[in-house]
Amino acid sequence: MAHQRWSLALLLVHAVLLTASAQDASDGHLVAELGISDVKVVIKKADGSAISSLAATYPKAVLANPQVPASASLEVSLAVKKSGEAFKPQQVMLMLRSKSLGLAAYAVGKLKGGAYQLSINAAAVEKQIGKLPGEYDVVLLVGDPSVPKGIEYGLGTAELMFSAASTASEPAAVVRTADFQSVNNIKPEIHHIFRAPEKRPPVVVSYVFAGLALLPLVVVLLYVPAATGVNFKAFSAAPLASLLFHGGLAAMLVLYLVFWLRLNLVQTLPLAGALGLFVAVSGYLLLSALSAQRLKKD
């Protein structure tokens, strides 16, 4: 019995330790961040000799607008770490963004001997955005989906020179970013213009045609009863049912008139259904009374 108790206690302690270690590992994964070290910025001539070489420490800028000749290149090297260990992120890029137009050219880093090497020159910039001499912001971009936040390291500014023999043209205005678009180059906002309503006839004409449309109803109410010999002899058989039935029919006609003047179909259908049911019930009662009266006579 004691042996079983000791075994159960050991199992509980083991489970607690496993849970704590898993929680620590999970927390460490969530707070893991990228880090960069051994950042070095070199401006090299075409023959490989260095014009200037600077060591950088994140996040301090090191470039104070040096000139990069057309034949020279700007090279950056760095080491990337994650939680203190060497790491290979998905993105290591060097961005040169024009301060005059906002357009940017990029260089992708290559891993060599445990460090990333990035190199860009005037020819590469000209190929991506065109011939655009002037000052550029030099920014190092490092990122990976496994970390919540990447690194955007502003190394400073540099003045990029282009070859006078180059025949490339400056970037057209249509490819400039929105931050640098001139007011004249932005298309005007589109406002929808509705067609002007057509001219309608005078109100008197509308009333005349409405009266002509109601004329057949007047004929039915006045001429047809006199011509066909309509009588009210059977009214005494069921006076209440007769009043209800004919009142329901009159209410239906009034409803049609109101529908024509102001109601829509959704509002009219429930009322018409209720009145139709009322007319059907009252008509059934009236016909039953008339049938009973005829049976008595027979």
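**Exercises: a pocket and a helix pair**

Strand 9 is the top contributor to the lining of the second largest pocket, giving three residues. Strands here are DSSP E runs of at least two residues and helices are H or I runs of at least four, numbered from the N terminus. We're working with a predicted model, where local features need pLDDT of at least 70, side-chain atom pairs count only at pLDDT 80 or more, and totals for chains, interfaces and linings use all residues. Residues are numbered from 1 along each chain as its sequence is written, and side-chain values use heavy atoms, leaving out hydrogens and water.

**Exercise 1.** Work out which residues line the second largest pocket, and sort them by class.

Step 1: the lining residues are Glu75, Val76, Val108, Lys110, Lys112, Gln117, Leu118 and Ser119 (lining means an atom within 4 Å of a pocket point).

Step 2: strand 4 (73-82), strand 8 (110-112) and strand 9 (115-121) each supply two or more of them.

Step 3: that lining splits into three nonpolar, two polar and three charged residues, with Gly counted as polar.

**Exercise 2.** Find how helix 4 and helix 5 are oriented.

Step 1: the axes of helix 4 (residues 239-261) and helix 5 (residues 265-297) come within 8 Å and cross at roughly 165° (lines fitted to C-alpha atoms over the stretch in contact, with angles from 0 to 180 degrees between N-to-C directions).

Step 2: helix 4 is therefore roughly antiparallel to helix 5 (the label for angles over 145 degrees).

Step 3: by class, their contact holds 16 nonpolar, six polar and no charged residues (contact is heavy atoms within 4.5 Å).

Terms used
Angles under 35 degrees count as roughly parallel, over 145 as roughly antiparallel, 65 to 115 as roughly perpendicular and the rest as oblique. On a 1 Å grid over the protein atoms alone, a cavity is a set of points where a 1.4 Å probe fits but cannot get out, and a pocket is an open set with protein on both sides within 12 Å along at least five of seven lines; lining residues have an atom within 4 Å of a point.
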